[in-house]
Amino acid sequence: LLVDDLTPITDWQRPLRDAALLRPRTVEEAVALLGARGDARVLAGGTHLIRFARWGGDVGGDLVWIGGIEGLDAVSQSDGTLTIGPLAVHATLEASPLVAAHAPLLTAAAREIAGPAVRNLATVGGNLVINWDLAAPCLALDARLRLRSQAGAREVPLSDFYGPGGEPVALRRDELIESIALDTSLPTWGYQKVARRNGVSRAITAAAVVADVDGDTCRDVRIAVGGVGLPARRLTEVERLVRGQALTDELLQEAGRLACAAAADAVDDFEADAWYTQQMAGVTTERALNEAAGRPVI
Ligand SMILES: Cc1cc2nc3c(=O)[nH]c(=O)nc-3n(C[C@H](O)[C@H](O)[C@H](O)COP(=O)(O)OP(=O)(O)OC[C@H]3O[C@@H](n4cnc5c(N)ncnc54)[C@H](O)[C@@H]3O)c2cc1C
């Protein structure tokens, strides 16, 4: 009886199919493997890919595990640019003094993802590919991805990386994200996430803001939102509304209304209905702008 009772619980966990686990030691070896085996797939921390496979998802052919490549988790900073290796795990973003000093928005966002065990395994590269919670902060930080294949490297702005449904259309199967460069020139920030359960759940909606605020005036700003039913995007119209303006209650309420209108394509997800996700885009944007301006967050 007990075994029968348990069957439905364990049934969804399919055994992993037979696939070779290839372990390159360098980026060159990794892209050579990806180039030679057309259906091979990059495996980083595996917190998404392995779960997806065990739910019966198609993960293609062999797995190219990049976790053994030395240096691909490095964080460095120079001339207003913070460069992060794709293998940097969320716990690294959370603990790195360089990230805290130059991109505290990312520290705050990483801290709100999953629990400590997942944060020690899940990588920033993997999170950006699946367009989850780090996508909006990285869009606000004007991220540029360096993609490498056997043919060489190319740079793609994160804003051009995703298709309309949030899928990583710019990433070819034979390519690897080699580094992520972030513009750290805007000093203040705000990050507001609404989720079902803190520490476990992906954002229903989260807004990420970086800004240069002088007194009451917003000299410059970049804003992005994303969530379960809302592929991450920059809110350029909201940026235009507040850039160069005095940050009054009325202006920030209008910014929230505009953010809500810009999320009209939100879709239903098992975490939240589309209407709620859309409303939260407005609420979190207004809150994150208040936070970035050092105003009370209500
Ligand atoms: C219990 C739990 C709770 C979670 N909670 C949250 C949450 O609150 N918020 C949130 O945002 N996420 C959450 N996650 C998801 C987690 O953050 C992501 O699964 C993780 O960031 C993906 O990174 P990874 O290294 O594990 O990627 P993998 O699973 O190894 O790969 C994911 C995808 O990225 C591709 N990929 C990975 N690295 C590269 C690269 N360098 N170049 C090219 N392609 C690459 C892979 O081919 C694959 O398609 C949670 C996960 C779990 C298990």
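**From a strand to the ligand**

Modeller: Glutamate 178 counts as buried because its relative accessibility is 17%, where buried means under 20% relative accessible area, exposed over 50% and partly exposed in between, with a 1.4 Å probe and protein chains only. The model is predicted, so local features need pLDDT of at least 70 and side-chain atom pairs pLDDT 80 or more, while totals for chains, interfaces and linings use all residues. Residues are numbered from 1 along each chain as its sequence is written, and side-chain values use heavy atoms, leaving out hydrogens and water.

Glutamate 178 sits in strand β8; strands (E, at least two residues) and helices (H or I, at least four) are DSSP runs numbered from the N terminus. Setting aside neighbours within four places in sequence, glutamate 178 is in contact (heavy atoms within 4.5 Å) with Val27, Leu72, Gly85, Pro86, Arg146, Arg148 and Ala153.

Turning to the ligand, 31 residues surround it, and the closest are Val42, Gly45, Thr47, Leu49 and Thr123, a residue being near if one of its heavy atoms lies within 4 Å. Among the polar contacts (pairs of N or O atoms within 3.5 Å), an oxygen atom of the ligand lies 2.6 Å from a polar backbone atom of valine 42. For asparagine 127, an N or O atom of the side chain is 3.1 Å from a ligand oxygen, and for arginine 202 a backbone N or O atom is 3.4 Å from an oxygen atom of the ligand. Taken alone, the ligand exposes 980 Å², of which the protein buries 93%, with areas from the Shrake-Rupley method and a 1.4 Å probe. Strand β8 (176-183) belongs to the elements that give two or more residues to this shell, together with β2 (41-43), α3 (49-54) and α8 (124-129). By residue kind, the shell divides into 17 nonpolar, 9 polar and 5 charged, with Gly counted as polar and Asp, Glu, Lys and Arg as charged.

The loop between β7 (152-157) and β8 holds tyrosine 162, which is buried, with a relative accessible area of 12%. The side chain of tyrosine 162 reaches the backbone oxygen of leucine 128 at 2.5 Å. Not counting residues up to four places away in sequence, tyrosine 162 touches Leu128, Val129, Asn131, Ala135, Glu167, Pro168 and Val169. Although tyrosine 162 and valine 129 are 33 residues apart in sequence, their C-alpha atoms are 8.8 Å apart in space.

Conventions:
Polar contact = N/O pair within 3.5 Å; in protein donor to acceptor, adjacent residues only side chain to side chain.
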